[in-house]
Structures are given as C-alpha cells and as structure tokens.
Amino acid sequence: MKLKNIAGLLGAAVVAGGMLASGAASAQEKIGFVYVGPIGDHGWTYRHDIGRLAVEKAFGDKVKTTYVESVKEGADSERVIRKMAADGHKVIFTTSFGFMNPTVKVAKQFPKSMFEHATGYKRVDNVSTYAARFYEGRYVIGKIAGKMTKTNVIGYVGSFPIPEVVRGINATTLAARSVNPDVQVKVAWVNTWYDPGKEGDAAKALIDQGADIILQHTDSPAPLQVAESRGVWGVGQASDMSKFAAKAQLTAIIDNWDKYYVDRVKAALDGTWKSEDTWGGLDSKMVEIAPYNDAIPADVVALAEEAHKGIIDGSIKPFAGPIKAQDGTVKVKEGEALDDGALLGMDWYVEGVQGKLPKGN
Amino acid sequence: MSGFDWLVPVILTVITAATPLVFAAIGELVTEKSGVLNLGVEGMMLVGAVAAFATATVTGSYILAIFAAAAAGAVLALLFGILTLSLMANQVATGLALTLFGVGLSALAGQDFVGEPVKALAKLNIEGLTDIPVIGPILFGQDPLVYLSFVLVALVSWFLYKTKAGLVLRAVGDSHDAAHSIGYSVIGIRYLAVLFGGAMSGIGGAYLSLAYTPMWAENMTAGRGWIALALIVFATWKPGLVLIGAYMFGGITILQLHAQAAGLAIPSQVLSMLPYLATVIVLVLISKDESRIRKHAPACIGKIFHPAA
C-alpha cells in the first residue's frame, strides 16, 4: 500500500520531500470501536456510539471512525480487534470488560496502534483503561430511592455478579439506608447484559415480591417498561429512557464518554497519548444524572442534589465508614473510606442487601 | 405471601414467557414433520418482531401488525424454501444463514424504530370474569395471542393426526420417495409447511415486540428461536408436549428469578442453566427408549429430495 503510494508520487515527479511528509501527516486517521451489544440497545453501546459520533464531529475529515457491533466477548472479539489493528486503525476502543485479554493480546502484536479498553484493569504500553464511577451516580439515586419507596423494598436487576455491579448495588443500598434505615434491597441476577425479555421478567419477579422501585444494571429499557406498566418507579440505565416510562422513570444514570473519547483521540493525533488509567465520575461528567421526575418532592430532590454536589467537591464519599457487611460485621470503620483498590475488587454485600452474592464470576 | 397471592403473578409471567416459544416451536414442528429442518427460526422471529412493531407504530392496528409479522416470517421462509427445496441447498447451512440474515435485516429495517415505545397489546378484560380471584386473571385476563397459541396447538395436533392432509404431510416427512411414488407433490407440501413455520415464527416474534416487551430492540429474541428448536426435540415432535415444554422452560426461568428475589441461596448461574439441563436430561431419558422417538420423529428430516431418484 505504502510502496504503491510512494511510487505514484514519484511518478508525478513534482513533489518535494517536505510536501510528501506533510501529505502523510494530513492523512485521515482511522479510529475503531468494538461494541458488545447493538447500537440500538438504547443503553450501554448506544452511549458509546454517541461518543464515537462526538469524535467524528470534533475532528471532521481528520479522522474516519469505524465500528463493529454485537461482538461476542472472548475469542470472537480477538478476531475483530486484530482485523481493526491490521487495517491500520490508530486508536481502537474496546468497550466491554470481556474484551480485556483479547485487547492486550492484540495490542502486543500491533505496537503502533493505541488501544483503549473500557472497564478493565490490564494495561501495557499501548493499552489504556478507562471506566466511569457509576457508583457515584447510584449513590445519588439511592437517596431518592430510599425516600420514594413505600414498601421499603428496592428491586435491583443485576447482570453479572462482578465488582462493577456489586459496587452499584452497595452504593445504592448505603445511600438509601442513610435516609431510610428500613430499606431492603432485593437482587435478581439475569446473567446477561442484554435480554429484554429476561430483564423484564426479573423486574416482574421483584415487583411481585414487594419492590416498588426497580433499579437495573442491564442494558435494555425493559425493566423500566415493566415498572411503568405495573405502576411502580424505575431508574433508567446508561441513557435517558423516559420515552419508555414517562411516569415511572425517577431519573437515569447517563454514561457520557464524549469528552474522554475526544480527548484521547486528540492526544493520539498530537502524539501525546500514553498508557494510563482513567476512572471518571460525576466531577468529570463521565457520569451524569438525567433530569428528575416532577413527581419527586422538592426536599427529596434537594437531598439528591446535596449528595451530587458533595461527591463532586469530595465532602461525601459513598464508601466512607462506618459500613457493615451483610452479616453485620464492621467492614469499614468510622472515619475510614474504601480506596479504589478495595472498590475494584468488591465482592461482598453491605448490610441491607438480601440474598447471597453468587461467587465465581 | 399467603395462600395463592404470590402464585398468580408468577403464572401470569410464565404465560408471557412461554407464548413466543409456543408459536415458534409449533410452526417449526409442522415444518420438521414434513421432513424439512429450518434452523432459521431466530431470524424469522426477528423479522416478525420488527414487522409487527413497525406496522403497529405506523398504522396503529395490532391486527394488521400480527398479519404483517406472519407475512414477514413467511417471506423469509419462502427464501429458505427456494434455496433448499427448489435449488436443493443444504438445509442446515441455509437455516443458519437465514438466522444471520434475519438478524441483520431486522436491525436494518428497525433502525428508525429503535427507542420508540408502543402501547402493549391489550389484554382481555371481561367484567365479572376477569375479577374472579386467582383463576380470573389467569383464564380471562390474557391478550388475544395467548388464547390463539392454545388454539393453534390444538389445531396443529388435530391436523397432523386426524386429517388426511396431516397424514400426507407426515408421510412426506417420513418417506418422501414413497409419498412421491404414489403421486403426492413432495416439494409443494414442503413449501406449505415451511411457509407455515415461517408465519408462526413471525407471530412469535410479534408477541415479543408487542406484548412481552413492547418495544423494538435489535436482537431482542436473545436466543429464543434456538430454545424453540430445542423444544421440538424435547417434545419428541408431539404438539401437546411442545406446549408443556414451553411452559416448563418459561416456568423454570421465572421461578429462578423469584427464588433469587426471595433471597434463596441457590447460585443464579445454576438456576439459569436449569432449562437447558432439563432438556439434556429429558433427551437422555427418551433416548433410552428409541422406539418412542422413532414413532414421532420424521425419518426424512434434513434430507434433500431428488424427484428423479
């Protein structure tokens, strides 16, 4: 390819060496995205794709973005990532936890490409990791949920029992119980990120067992839809889902990757890119809270906004002690708070969560 | 949690979980009984789901939407028929391709409908009857497709075992050469069976996008087409058992969610695995008695028919 280009330029025989170099620099850089779900999931992948569009908008003709959606985690993803790298993509975003090992493996074989892996923890020279502190958003939502529940039962549709999800459940529970000590959180694991039918069924089961607020850590609007049809509250996941539940959606957690993606692509184009780890939260606006439902009383909104502000200015830490584990033993002492390492490996429930945490995932 | 209070919502949820499986499986059962194996059920369900959703959104008519779903499924099935019956392509490969094609086609066609809500299919509500405790909402409070699914199973059972046409269809599936030699149009009958299977898969898909989770989302079947295919083997090609199997599959899924919400200490992964485990166990049990399968399994399934031979 390159040889051919150069031969063509020589054929023209009028091009000076300097122009050749600048010609190469102004060439379009390819930026690739690997998605775990369909863009049309209206949740996780949908928001990553909005980030991709932000990159296109910010750099115009300078970049060309490509994406592959619904890529299965594991061996299949390695093939997709390798293909992208072999095609000369400068930056490749791999946007699911299960893409971690394939990303690192391919990255070692293509040292010229830069890789960005979402929600993982393995980094090499050309692999950065990034994630959002969704638990901060969930803490804010927990305050609302604790105040809005009448049955004192919050239902939580979980995807997989991994630290990321457990953290969200715990943050919600801590916040809810800080405003209403009687709250219990019931969890139903569906063992998938995306199966509208099953997610909806889990929401129904939770409602049938007394939950009057449905939170979810799965990607489709189905649980919210069930909440709407059963006349209970729900909270949108990854994007504002109020279209599906105009009455039921209290608010939503919004993932906002736009700025991060634009910044990282800019760094790659400038040559300042290096491998690092980013864990952005409410302060960097990587996590945002959708507009609050009008049905939430003003004092509850105030509580939520207080938590929101406190997390941004650092005066509130969601995982500050005292925190008791599910069995009542003190896990975090008064005056202490969990560090990022403990958060990233969280595999225990706080007091107030019902059921046993499935292990081995 | 006293008496039957908790049972009613569980049963209602099981019904919605089972209905799409019933439609897809009973349609495919007829296809397979004619000796054709169409692995494209997942794809046909998806096109049905998107066709139904689009029609309901644009026209507002749910009856039209269900017909559109059946038609869309049948069109995809027709494609399968042309390839495998007329052009004699390999059925397994074509069926797999049909699923992949259906996934892509439905995603493409559904682009404009992503993120659009639609009103759920209305449920029956008969004054007095639906209000009866426990049995009222279960027997008289369903949407029309649920009732249709039961009627369909009864009709297919009657058709296959009590009518001459059904006998001919089974004959074609058991020995296409024999059926051909006494003058039946093997290809023609198989086309009809394939089209019926496609239409029913389409309606199964419509149930997903109109009633189960009233929305369109890419790949929303999430493997239910494959479960439907497994169900047929599970049911040893008997319509009644397909119905029971679908409710069992649906039931196990829902019960495991309830068990979790109730805080029972059973690992959720084990519970998620149960429906498939049940299939394998039943398969092993019935395989021990081969005659029981042979009696109902179409002998010519998946075999290409060469009229000249």
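Tutor: Let us begin with a single side chain: A:Arg123 has a relative accessible area of 38% and is therefore partly exposed, the class that lies between buried (under 20%) and exposed (over 50%), with a 1.4 Å probe and protein chains only. Bear in mind that this is a predicted model, in which local features need pLDDT of at least 70 and side-chain atom pairs count only at pLDDT 80 or more, while totals for chains, interfaces and linings use all residues. Residues are numbered from 1 along each chain as its sequence is written, chains are lettered from A and ligands numbered from 1 in the order in which they are written, and side-chain values use heavy atoms, with hydrogens and water left out.

Student: With which residue does the side chain of A:Arg123 meet in a salt bridge?

Tutor: A salt bridge is called when a side-chain nitrogen of Lys or Arg lies within 4 Å of a carboxyl oxygen of Asp or Glu. Here the partner is A:Asp277, at 3.5 Å from N to O. A:Arg123 sits in the loop between β4 (114-118) and β5 (127-132) of chain A, whereas A:Asp277 belongs to strand β11 (residues 277-280), so the pair ties together parts of the chain that are 154 residues apart in sequence. A:Asp277 is also partly exposed, with a relative accessibility of 44%. Helices (H or I, at least four residues) and strands (E, at least two) are DSSP runs, numbered from the N terminus.

Student: How many salt bridges are found over all chains, and where do A:Lys259 and A:Asp263 lie?

Tutor: The search of the whole structure gives 20. As background, an α-helix has 3.6 residues a turn, so residues three or four places apart point the same way. A:Lys259 and A:Asp263 are four residues apart in helix α10 (residues 258-270) of chain A, about one helical turn from each other, and their side chains form a salt bridge of 2.9 Å, N to O. A:Lys259 is exposed at 58% relative accessible area, while A:Asp263, at 36%, is partly exposed. Salt bridges can also be linked, as in the network of A:Glu116, A:Arg264, A:Lys274 and A:Glu276.

Student: Which residues make polar contacts with the side chain of A:Thr65?

Tutor: A polar contact is a pair of N or O atoms within 3.5 Å; within protein, one must be able to donate a hydrogen and the other to accept it, and residues adjacent in sequence count only if both atoms are side-chain atoms. A:Thr65, in strand β2 (residues 63-68) of chain A, is buried at 8% relative accessible area. Its side chain is joined to that of A:Arg52 at 2.9 Å and to that of A:Glu56 at 2.7 Å. A:Arg52 and A:Glu56 in turn meet in a salt bridge of 3.9 Å, N to O, four residues apart in helix α3 (residues 44-59) of chain A.

Student: Is A:His217 buried or exposed?

Tutor: A:His217 is buried, at 4% relative accessible area, in the loop between β8 (213-216) and α9 of chain A. A polar contact of 3.4 Å joins its side chain to that of A:Arg138. Leaving aside neighbours within four places in sequence, its contacts (heavy atoms within 4.5 Å) include A:Tyr156, A:Glu164, A:Trp193 and A:Gln237.

Student: How many residues of chain A and chain B are in contact, and what area do the chains bury between them?

Tutor: The size of an interface is often given as the accessible area lost when the parts come together; with a 1.4 Å probe, the loss is summed over both parts. Here 37 residues of chain A are in contact with 33 of chain B, and the two chains bury about 2800 Å², 56% of it on carbon and sulfur atoms. Six residue pairs are in polar contact across the interface, and the rule finds one salt bridge there, between A:Asp195 and B:Arg224 at 3.1 Å, N to O. On the side of chain A that touches chain B, β7 (184-189), α8 (196-208) and α9 (222-230) each supply at least two residues, with α8(A) giving the most, nine residues.
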